[in-house]
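Hi,

Here is the structure I promised you. Have a look at it first, then read on for what turned up.

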Amino acid sequence: MNANKMYAVLLIFVSCLLWQCAGGTKENAGLRYENVFPETVLSSRLAQSPDLCLTPEGGAQILAERGEGYILLDFGKEMAARITVRTECQNPANESRLALYYGETPEEALRTEPYSACDWYRIPYDEFTLKGGKESFTCHGRRGLRYLCIRARHTDLKILSVVAAAEGYPVIPKGYFASDNDRLNQIWQMCANTVRNCMQEYYEDGIKRDGLLWISDYRSSFLASWFAFGDKELAKKSLRMMAASQNEDGSIAACCSKGGGHRHPYDIAYMPGIPHGSVDRWILLNYCAEYVSSVHDYIMLTGDTEIAAELEGSIKRMTTFLWGLLDFDRPGYFWTDEHRSAPSPEPYYELYHDVTTDQQSTGSKGAFLFQLLTALQEAHDMSKYMSDPDFAALTKEYGNALRKHIDTYYYDLTSRTYLDMPGQNPDSASIFPTVYGVLAGAIKEKQQLLNGAQGNSGFSAVWVLESLFRNGYDSDAFMQTEKQWGKMLDYGSGTCWERMDSKEFNIVNNQNAPSSFCHAWTAGPAWQLPVHIAGVRCLQPGFAETEIIPDLKMLNWVECTVPTAFGELFVRVEKNRDKHIATVKVPPGIKKCRLVINGNEYFLESGKLHIVD
């Protein structure tokens with residue numbers, strides 16, 4: 001390694017160490033830093049030999065003595081990072097400046113004007129005064145980026161080196177998915193890349209903007225993360241933060257900042273006033289239901305049943321809060337309807353199922369009640385690991401009463417459609433009650449409403465996709481995966497976007513508001529492809545009981561490695577003329593492994609490699 005590169009590496013190490021000593025030690029303990037260098041110069045203005053930015057010794061020049069010049073760099077991948085730029089200039093003027101602009105797209109990194117559509121977001125940039133000679137500048141906090149624009153004003157500036165210290169929670173890839181469809185393989189990897197970036201001090205929703213622990217974002221992230229990395233510890237930490245954010249009435253704010261799930265303002269300054277103000281008192285009722293489901297997901301995949309006892313009080317308070325929302329004498333009425341707006345510091349309550357193409361919130365009470373039904377069923381399932389013997393009977397009673405209530409007031413017999421509200425014209429009902437009814441296991445028969453369904457531009461895309469798989473629309477689900485997630489690949493992205501409307505995509509539209517292009521709530525295929533195509537399903541905590549029912553669709557072969565509490569489970573299924581051949585390696589400790597293939601059922605012995613046709 002030459003002297004300049006050694007200096008750059010040492011500089012990054014020292015800057016990270018100093019940053020930690022300045023207040024980030026506790027919050028950032030355990031994060032891993034990796035030096036990343038720019039790969040490509042995309043464009044430049046008033047720049048001499050800009051490609052020298054890509055070499056360790058540097059030497060690119062921005063000729064900005066009488067104006068402003070820039071160099072736009074591509075690091076080749078999305079990351080959460082701290083950028084350090086070493087420069088040299090002679091005799092700078094008083095107004096000479098170096099500015100660093102960051103972006104997940106080239107358009108964003110080149111943008112200098114504020115977003116006109118919102119006043120709650122600040123364009124991330126760092127500006128420094130040039131004093132002359134050799135200097136080193138590091139951004140004032142963590143940035144989410146792939147592209148960096150280096151701008152200089154009123155002085156000629158030499159760029160000696162550019163390096164990013166990418167940070168993230170240290171994980172080892174344990175999961176794997178592959179098939180003879182390369183597009184599908186790239187989608188799985190894109191989803192794994194996304195959730196890996198969002199694994200920081202906790203599960204962040206996206207690395208650029210919020211830096212917050214949101215409940216429903218966490219749920220999608222954890223499911224994806226388990227099948228890619230088998231993470232247990234960061235997931236447990238995140239659940240504990242949620243429990244620590246619980247309010248006296250049992251609710252939990254959608255973003256769990258009170259429990260430490262934020263990096264504002266000490267390390268991220270994208271959104272002034274966050275988390276204080278409205279965000280830490282915004283109660284999304286369906287997110288509250290998904291808190292219970294998130295604990296259940298964690299127990300099922302990791303096998304850590306002890307957390308049910310640890311979080312027992314929190315789960316019971318949440319169950320009481322959710323049940324108390326309903327007024328059975330006034331169907332369709334929740335007491336929170338009168339508290340949708342409240343002055344600080346009072347909490348305010350809302351339903352939120354997706355963002356439609358016109359960016360209006362879509363809240364469905366029918367969909368929420370099915371989410372509540374799921375939470376009650378899963379709370380009942382977890383009760384066996386708790387100390388209160390009466391909780392199992394209570395959650396069963398609640399679940400039975402709620403199912404009767406839904407069928408009585410939220411189901412239209414004529415159209416055989418579940419409604420968003422009692423008395424609604426079924427022609428105007430959204431797909432969400434059907435989607436979440438399927439996910440709750442309350443709707444068994446195939447639903448015509450889901451025929452050709454796709455998610456809107458936000459996180460519901462994952463759950464609509466899941467309902468298609470579970471409701472027998474496997475081919476539709478397969479095609480939607482290739483279409484919606486594949487569109488991101490077509491743009492050249494290596495991570496999943498927050499907004500991914502497959503009906504229409506225009507990068508300019510996404511620049512009208514600060515959307516995130518690395519957002520793990522859309523990383524669902526990382527778990528859905530192994531579960532629904534390779535067919536690996538967890539039936540008991542830790543995969544102690546597992547079933548494998550592959551469904552290759554248009555594929556000739558598929559294979560995957562799935563982390564379990566007992567080690568990695570390997571599955572390969574391939575077509576051979578008129579039948580399928582399965583190769584399965586079952587880790588020792590799995591009590592029951594059931595394989596269904598070619599219309600036959602097999603029970604595979606633990607700790608052995610099996611070849612079945």
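Let's start with a term you'll need: two rings of Phe, Tyr or Trp (its six-membered ring) count as a pair if their centres lie within 6.5 Å. One thing to keep in mind throughout is that this is a predicted model.

With that in hand, look for the cluster that ring pairs build from Tyr203, Tyr218, Phe222, Trp226 and Tyr298. Across the whole structure, the search finds 22 aromatic pairs. One of them joins tryptophan 120 and tyrosine 121, edge-to-face, at 6.2 Å centre to centre and with 75 degrees between the planes. Tryptophan 120 is partly exposed, at 39% relative accessible area, while tyrosine 121 is buried, at 8%. Tyrosine 203 and tyrosine 218 also pair edge-to-face, with 5.3 Å between centres and 85 degrees between planes. This pair links distant parts of the chain: tyrosine 203 sits in the loop between α3 and α4, and tyrosine 218 is in helix α4, 15 residues apart. Both of these tyrosines are buried.

That loop between α3 (182-198) and α4 also holds isoleucine 207. Is isoleucine 207 buried or exposed? It counts as buried, with a relative accessibility of 1%. For a sense of distance, isoleucine 207 and tyrosine 287 are 80 residues apart in sequence and 20 Å apart in space, C-alpha to C-alpha.

Of the 32 residues that line it, Glu378, Leu439, Glu466, Arg470 and Cys538 are the closest to its centre. Which element gives the largest share of the lining? That is α6, with seven residues. Elements that each supply at least two lining residues include α4 (215-229), α6 (285-302), α9 (365-382) and β16 (536-538). Sorted by class, the lining has 15 nonpolar, seven polar and 10 charged residues.

Now the cysteines. A disulfide is a covalent bond between the sulfur atoms of two cysteines. Cysteine 191 is in none either, with the sulfur of cysteine 496 as the nearest, 3.7 Å away.

Most residues other than glycine have a negative phi, and most peptide bonds are trans. Against that background, a cis peptide bond joins histidine 264 and proline 265, with omega about -10 degrees. You'll find proline 265 in the loop between α5 (233-244) and β10 (282-284). Arginine 577 is not a glycine, but its phi is positive, about 60 degrees. Arginine 577 is in the loop between β19 (567-576) and β20 (579-585) and is exposed, at 85% relative accessible area. Asparagine 598 also has a positive phi, near 55 degrees. Its place is in the loop between β21 (592-597) and β22 (600-603), where asparagine 598 is partly exposed, at 31%.

Cheers

Conventions
Residues are numbered from 1 along each chain as its sequence is written. This is a predicted model: local features need pLDDT of at least 70, side-chain atom pairs count only at pLDDT 80 or more; totals for chains, interfaces and linings use all residues. Side-chain values use heavy atoms; hydrogens and water are left out. On a 1 Å grid over the protein atoms alone, a cavity is a set of points where a 1.4 Å probe fits but cannot get out, and a pocket is an open set with protein on both sides within 12 Å along at least five of seven lines; lining residues have an atom within 4 Å of a point. Helices (H or I, at least four residues) and strands (E, at least two) are DSSP runs, numbered from the N terminus. Ala, Val, Leu, Ile, Met, Phe, Trp, Tyr, Cys and Pro count as nonpolar, Asp, Glu, Lys and Arg as charged, and the others, Gly among them, as polar. A disulfide is a pair of cysteine sulfur atoms within 2.5 Å. Buried means under 20% relative accessible area, exposed over 50%, partly exposed in between (1.4 Å probe, protein chains only). Rings of Phe, Tyr and Trp (its six-membered ring) pair if their centres lie within 6.5 Å; planes under 30 degrees apart count as stacked, over 60 as edge-to-face and the rest as tilted.
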